[in-house]
Amino acid sequence: MGHGHWDDNAYAAAKTFRAAKGEDDFGYTADLRAKPAREWKVAPALDPLNAVRECRDSADHADSTPIAVLFDVTGSMRRVPRIMQGKLGKLHGLLKRRGYLADPQVLFGAIGDADSDRVPLQIGQFESDNRMDEQLRTIFLEGGGGGQKSESYELAAYFMARHVVTDAWQNRGRKGYLFIIGDELNKPVLEARHLRHVIGDDVREDIDPASVYRELARKWHVYFVLPNQSSYYHDPEIGEHWSGLLGQNFLKLDDPGAVCELIAATIGLEERVVDVDRALADLADVGSVAESAAVGKALAKLGTKSVVTSAVPDAGGPSDVVLR
């Protein structure tokens, strides 16, 4: 995984071919929805059970940087991956051709509700070429959720903290980028039974989600993006919850169609390749003029870099999660 190079022409040709054949871009979802719900299951390539994901350097990519984008696919949120799939070429163009990152490797995944969904967690592979498009289109857009104003984000955070290995961290001490796109709260506790059933770890006690995010922040720049037109965009409890975990890395996005542009611009800022004004100019150059206003508003506080992320642990702090 992680070899090869992105090809805009191949991406466009494949999309045109699917449209001409009347095929859904998210064919795996279409296939499952034609079956009874009892037969729904995660695609093998995205199954987190007993899995480890790796982002490794290679002859093609000697300075790999991991980027993970995990979508809440419950309820109205399931349309966001389709927006992202339609702009993958633009994401790659911004990161590579604008010099934000030399060798980005992108992983896509999906988050549901472990209490009620048949497919509560999907985690793909890190890819550098058009397989990232295939991986994204293989996500099952279940559209479930339990209606408790919480989804299993903490389960995904645990996987990223404990089941991902990157050369960026191991060889260079460099963090990756994790974007969680959602609109609800974490569960009050990360239940041990879900860790055993979904991920395969033999954990016997429930875990405090806040401790998972503290561990995660050692190796990842973690962002939670709350897009408009989702269920709780105007609910202050959502902002308080995520700001308490991630500090300034809780981002509200007025235009859900600007998710791709927000991710690219955020990385450019974090890498200190651009400031907010330059990032917005880059968006205009690639044709994302309409999206730039929402991105600029979302990134206003990041541009100042004046607030310390609360999830970042002390240098000598504990490495283990807190059991409950």
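In this predicted model, the side chain of Asp72 makes a polar contact of 2.6 Å with the side chain of Tyr153. A polar contact of 2.6 Å also joins the side chains of Asp72 and Thr74. Asp72 is found in strand 2, and its relative accessible area of 0% places it among the buried residues, for which the limit is under 20%. Beyond its neighbours within four places in sequence, Asp72 is in contact with Met77, Arg78, Ile111, Glu151, Tyr153, Ile181, Gly182 and Asp183.

Strand 2 (residues 64-72) and strand 6 (residues 176-181) run parallel and are joined by five bridges. Across this pairing, Ile67 stands opposite Tyr177, and Val69 stands opposite Phe179. Strand 6 also pairs with strand 7 in the parallel sense, over six bridges, with Leu178 opposite Val222 in strand 7. In a regular strand the side chains alternate between the two faces of the sheet. In strand 6, Gly176, Leu178 and Ile180 lie on one side and Tyr177, Phe179 and Ile181 on the other, and all are buried. Six of the six residues of strand 6 are thus buried, so the strand is largely enclosed by the rest of the structure.

Helix 10 (residues 236-246) has buried residues Ile238, Gly239, Trp242, Leu245 and Leu246. Seen down the axis of helix 10, these fall within an arc of 135 degrees and therefore line one face of the helix. An α-helix has 3.6 residues a turn, so residues three or four places apart point the same way. Pro236, Glu240 and Gly244, on the other side of helix 10, are exposed. The cover over the buried residues of helix 10 includes helix 6 (153-162), helix 9 (209-216), strand 7 (220-227) and strand 8. At the N-terminal end, helix 10 is capped by Asp235, with a side-chain oxygen 2.9 Å from the backbone nitrogen of Glu237.

A search of the whole structure finds 29 salt bridges. In one of these, the closest N and O atoms of Arg172 and Asp57 are 2.8 Å apart. This pair links distant parts of the chain, 115 residues apart: Arg172 is in helix 7 (residues 167-172), and Asp57 is in the loop between strand 1 (53-55) and strand 2. Arg172 is partly exposed at 32% relative accessible area, and Asp57 is partly exposed at 23%. A salt bridge with an N to O distance of 4.0 Å joins Asp103 and Lys96; Asp103 is buried at 9%, whereas Lys96 is partly exposed at 29%. The side chains of Asp202 and Arg204 form a salt bridge at 2.7 Å, N to O. Asp202 is exposed, with a relative accessible area of 59%, and Arg204 is exposed at 61%. Salt bridges with shared partners join Asp57, Asp63, Arg172, Arg174 and Glu271 into one network.

Definitions and conventions: Residues numbered from 1 in each chain as written. Predicted model: local features only at pLDDT ≥ 70, side-chain atom pairs only at ≥ 80, totals over all residues. Heavy atoms only, no water. Pairing = 2+ DSSP bridges. Helix = DSSP H or I, 4+ residues; strand = E, 2+ residues; numbered from the N terminus. Buried < 20%, exposed > 50% of the residue type's maximum accessible area, 1.4 Å probe, protein only. Arc of directions from axis to C-beta. Contact = heavy atoms within 4.5 Å. Polar contact = N/O pair within 3.5 Å; in protein donor to acceptor, adjacent residues only side chain to side chain.
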